[in-house]
Amino acid sequence: MGSRKNAKTPVDLGPLPELIGYVLRRAQLAVFQDFFAAFAPFDIRPAQFSVLTVIERNPGLTQSQAAEALGIKRTNFVGMLDELETRGLAARRQTAGDKRSYALYLTADGAALMRRLRPVLKAHESRIIGKLGEQGRDALIALLREIAEPPNGAKLKNGKAARAPRPGSAVT
């Protein structure tokens with residue numbers, strides 16, 4: 001058996017704590033933990049909240065438009081929407097001009113839930129801002145938007161940049 005470090009000995013993370021991606025992911029986990037705790041009584045996850053928000057703010061938006069706006073793969077979006085429909089929070093209605101396209105709307109229960117979630121969201125955001133201050137929040141949002149902006153105005157597909165082909169793939 002190999003030697004094990006003492007449980008109290010800190011783990012050497014090497015360069016990880018100085019890498020943007022690593023620290024960004026750790027920050028995301030911390031924010032999501034707070035979100036999950038705050039929204040648990042309503043059984044709402046971050047992606048579901050985003051979908052409900054977009055539907056609330058844009059009634060009649062098509063599934064494709066909403067999925068693209070949020071950077072969610074269409075197949076994942078459909079599954080999420082199925083769940084929101086089953087819970088009676090959102091509804092799909094066929095659009096008049098295209099029988100294959102559906103417009104999205106909140107139900108009365110969905111609208112009522114969103115009203116109840118507003119103060120929960122405000123408290124959640126306040127806890128995060130409390131760690132940064134208002135100026136820190138504004139600076140962080142600006143910096144994250146810079147990172148999120150695709151290079152040279154390229155569009156992201158499903159919210160993701162195209163990956164380079166793997167060595168040995170048919171493309172290389």
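In which helix does L144 lie? L144 lies in helix α5, where helices are DSSP runs of H or I of at least four residues and strands are runs of E of at least two, numbered from the N terminus. The model is predicted, so that local features need pLDDT of at least 70 and side-chain atom pairs count only at pLDDT 80 or more, while totals for chains, interfaces and linings use all residues. Residues are numbered from 1 along each chain as its sequence is written, and side-chain values use heavy atoms, with hydrogens and water left out.

L144 counts as partly exposed because its relative accessibility is 31%, between the limits for buried (under 20% relative accessible area) and exposed (over 50%), with a 1.4 Å probe and protein chains only. Together with I20, L24, L132, L140 and I147, L144 forms a nonpolar patch on the surface, with about 510 Å² of accessible area. Two or more residues of this patch come from each of α1 (20–39) and α5 (108–148), and α5 gives the most, with four residues.

Helix α3 (residues 63–70) has Q63, A66 and A67 as its buried residues. These residues lie on the same side of α3 because they cover an arc of only 95 degrees around the axis, taken from the directions from the helix axis to the C-beta atoms. What covers them includes α2 (46–57), α4 (74–86), β1 (90–94) and β2 (102–106), whereas the face turned away from the buried side carries the exposed residues E68 and A69. After α3 comes G71, whose phi is positive, near 70 degrees.

Terms used
Patch = residues over 30% accessible without salt bridge, like charges linked within 9 Å, V, L, I, M, F, W, Y side chains within 5 Å. Areas by Shrake-Rupley, 256 points an atom, 1.4 Å probe, with all protein chains shown as cover. Salt bridge = Lys/Arg side-chain N within 4 Å of Asp/Glu carboxyl O. Contact = heavy atoms within 4.5 Å.
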